[in-house]
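I opened my notebook for a friendly look around this model. Here is what I looked up, entry by entry.

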Amino acid sequence: MMLRAGDAGVLLAGAGLVAALTVFAWGGGRGDTAVIRAAGQIVQTTALTHAQSFTIDGPLGTTRIEIEPGRARIARDPSPRQLCVKQGWLTQSGQAALCLPNQVSLEIRGRTSTYDTLGY
Amino acid sequence: MTRSAIELPVTADDRRIAWLAALAIGLTLAEAAIPSPVPGVKPGLANIVILLVLLQYGWRAAAWVSALRVLAGGLLLGSLFAPGFWLSAAGALVSLSVLALARHLPGRYFGPVSLSVLAAFGHIGGQLALAGWWLLPSAALIKLLPVFAAAALIFGAVNGVIVARLLAAPAPDKRQSTPCILP
């Protein structure tokens with residue numbers, strides 16, 4: 001018999017350790033709050049609990065931000081290169097989408113913040 | 001002119017350890033040629049030999065074979081006293097310590113697979129502890145922990161099964177297992 005009773009236990013414990021390490025190392029950063037800024041000033045801070053959308057006015061036009069449970073994105077923006085729209089959904093704490101031409105930014109925050117401060 | 005000869009008595013034990021260490025070194029060299037996506041993720045084939053030695057000849061012999069493997073492997077790969085050598089040594093040290101404890105587990109329930117998995121975790125644990133304390137004292141290693149742990153689990157289990165199969169295999173032909181007589 002190749003696998004004895006204790007072996008299965010050791011393998012299960014090992015798998016549990018791997019799973020715990022995965023959660024510890026990779027899963028800790030899910031965000032729960034969205035911070036929306038326009039021209040550097042915070043205009044909206046909202047929890048990622050239910051679907052809602054905001055329209056923010058900037059120098060170029062209107063930026064539309066969509067919030068869904070656990071994630072947020074910039075749905076529409078007048079910036080020429082659409083970089084912040086192409087970033088898609090943000091879920092992790094510390095992620096941010098910046099629409100520089102329209103001076104609007106969307107940042108995700110969690111319980112633990114990855115960075116003390118970010119300068120754009 | 002007087003002729004003096006220093007005679008070092010060589011016991012059968014010494015020969016056996018040297019032979020097994022050569023086997024482990026060979027596997028170490030073969031393994032160094034295998035490309036790996038993440039440095040440090042290796043099958044650890046030499047641990048098969050270490051484990052077989054532990055189960056058949058005891059912990060002292062296993063420690064000798066392991067130490068010789070790390071030292072000679074470092075010489076042959078050109079990494080003697082380089083960071084990789086110390087990582088290897090730290091891994092072997094922790095792995096052997098874990099095995100020293102784990103071999104007292106009741107053999108009825110815990111077979112070679114258990115020992116192999118525990119040794120593999122000891123190995124990667126020792127390496128990461130040294131790397132985290134000495135080489136990369138930053139949070140960067142934490143992101144790789146799951147990769148290393150998963151590799152230790154998988155390769156440890158596979159190596160353990162190989163050891164179990166080798167132990168269960170019928171004894172080889174006696175003519176082949178006699179020690180070679182050196183002139």
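Is the crossing of α4(B) and α5(B) left-handed or right-handed? I looked it up in this predicted model, and the crossing of α4(B) and α5(B) is right-handed.

**Entry 1: α4 and α5 of chain B**

I noted that helix α4 covers residues 83–102 of chain B and helix α5 covers residues 112–135 of chain B. Their axes come within 7 Å and cross at roughly 140 degrees. That angle makes α4(B) oblique to α5(B), because angles over 145 degrees count as roughly antiparallel. I also sorted the residues of the contact of α4(B) with α5(B): 17 are nonpolar, nine are polar and none is charged.

**Entry 2: α3 and α4 of chain B**

Next I turned to helix α3, residues 59–77 of chain B. The axes of α3(B) and α4(B) come within 10 Å and cross at roughly 170 degrees. These two helices are therefore roughly antiparallel to each other. I wrote down who meets whom: from α3(B) come B:W59, B:A62, B:A63, B:S66, B:V70 and B:G74. Their partners in α4(B) are B:F85, B:S88, B:A89, B:A92, B:L96, B:L99 and B:A100. By class, this contact of α3(B) with α4(B) has ten nonpolar residues, three polar and no charged.

**Entry 3: chain A from end to end**

Then I moved to chain A, where I found two helices and seven strands. Along the sequence, the pattern reads α-β-β-β-β-β-α-β-β. I looked up the box as well: along the principal axes, the C-alpha atoms of chain A fill roughly 75 × 25 × 25 Å. The radius of gyration of chain A is 20 Å, whereas a compact globule of 120 residues would have one near 14 Å.

**Entry 4: a sheet in chain A**

I followed three strands of chain A that form an open sheet, in the order β3-β4-β5, with antiparallel pairing. β3 (52–57) and β5 (71–76) of chain A stand at the edges with a single partner strand each, so one side of each has no neighbour in the sheet. On average, neighbouring strands of this sheet are turned by 25 degrees against each other, direction ignored. Strand β4 (residues 62–68) of chain A is joined to β5(A) by five bridges, and the two run antiparallel. One position I marked is A:I67, which stands opposite A:A72 in β5(A).

**Entry 5: where the chains touch**

Last, I checked the contact between the chains, which takes 16 residues from chain A and 20 residues from chain B.

Conventions: Residues numbered from 1 in each chain as written. Chains lettered and ligands numbered in written order. Predicted model: local features only at pLDDT ≥ 70, side-chain atom pairs only at ≥ 80, totals over all residues. Axes fitted to C-alpha atoms, helices over the stretch in contact; angles between N-to-C directions. Helix = DSSP H or I, 4+ residues; strand = E, 2+ residues; numbered from the N terminus. Parallel < 35°, antiparallel > 145°, perpendicular 65-115°, else oblique. Left-handed = near helix turned anticlockwise from the far one by under 90°. Nonpolar A, V, L, I, M, F, W, Y, C, P; charged D, E, K, R; others polar. Contact = placed C-beta atoms within 7 Å. Pairing = 2+ DSSP bridges. Rg over C-alpha atoms; globule rule 2.2 N^0.38 Å.
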